[in-house]
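Here is a short tour of one protein model, written to be read with the structure open beside you.

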Amino acid sequence: MIRECNVHGYFSDDNLCPVCNSEGKFIMRTGERETLGRRLARVCRHDPDRYGLEMDINGWVNTRELAEASGNQRRHYHWLRGWHFEAIANADEKGRYQIENGMIRATYGHSIEL
């Protein structure tokens, strides 16, 4: 599960913010996080073309476009917005992603040349 603390940002797998113990606002369920996390990894590391997305020469993909492509491909993700992928990335303890100005990229594990 991903939740958002108003003060400390996104956190996962706990019911309370690890810093201040606030409950935070619900963002997405664990199953959604896992499914969308796999999609994020596939796009940012291996195959952005599969979703009709363009990656720049440094590996950046637009989160809004990723959300739109996901919603178009799977209608049950019609609610998805770019900030949901930012939440997944920011709640990731392993630091797999970098976020800047509505863009996201994988920090390692690419099978495509950048």
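## Asn62 and its surroundings

Leaving out residues up to four places away in sequence, Asn62 touches Gly102 and Met103, where contact means heavy atoms within 4.5 Å. This is a predicted model, so local features need pLDDT of at least 70 and side-chain atom pairs count only at pLDDT 80 or more, while totals for chains, interfaces and linings use all residues. Residues are numbered from 1 along each chain as its sequence is written, and side-chain values use heavy atoms, with hydrogens and water left out.

Asn62 sits in strand β4 (residues 61-62); helices (H or I, at least four residues) and strands (E, at least two) are DSSP runs, numbered from the N terminus. Buried or exposed, then, for Asn62? Asn62 is buried, because its relative accessible area is 18%, and buried means under 20%, exposed over 50% and partly exposed in between (1.4 Å probe, protein chains only). A polar atom of the Asn62 side chain also lies 3.0 Å from the backbone nitrogen of Glu65.

## The three-stranded sheet

β4 belongs to an open sheet of three strands, in the order β4-β6-β5 with antiparallel pairing. The edges are β4 and β5 (97-100), each pairing on one side only. Two strands pair if DSSP finds at least two bridges between them. β4 and strand β6 (residues 103-106) have two bridges, and Asn62 stands opposite Met103 in β6.

On the other pairing, four bridges join β5 to β6, and Tyr97 has Ala106 of β6 as its bridge partner. The hairpin of β5 and β6 has two residues between the strands, and Asn101 there takes a positive phi near 50°. As for the faces of β6, Ile104 and Ala106 make up the covered one, whereas Met103 and Arg105 are on the uncovered one.

## The largest pocket

What volume does the largest pocket have? It comes to about 240 Å³. Here a pocket is an open set of points on a 1 Å grid over the protein atoms alone, where a 1.4 Å probe fits, with protein on both sides within 12 Å along at least five of seven lines. Points are joined across faces, edges and corners, and the volume is the space filled by probe spheres set on them.

Lining residues have an atom within 4 Å of a point; among them are Asp13, Arg33, Ile88 and Tyr97. Helix α1 (residues 30-46) gives the most to this lining, with six residues. By type, the lining divides into three nonpolar, two polar and six charged residues: Ala, Val, Leu, Ile, Met, Phe, Trp, Tyr, Cys and Pro count as nonpolar, Asp, Glu, Lys and Arg as charged, and the others, Gly among them, as polar.

Helix α3 (residues 82-91) is mostly covered, with seven of its ten residues buried. Phe85 and Ile88 are among the buried ones.

Met1 lies in the segment before β1 (2-5) and is partly exposed, at 25% relative accessible area. Met1 and Met28 are 27 residues apart in sequence, yet 5.7 Å apart in space, C-alpha to C-alpha. Beyond its neighbours within four places, Met1 has contacts that include Asp13, Thr30 and Arg33.

Conventions
Polar contact = N/O pair within 3.5 Å; in protein donor to acceptor, adjacent residues only side chain to side chain.
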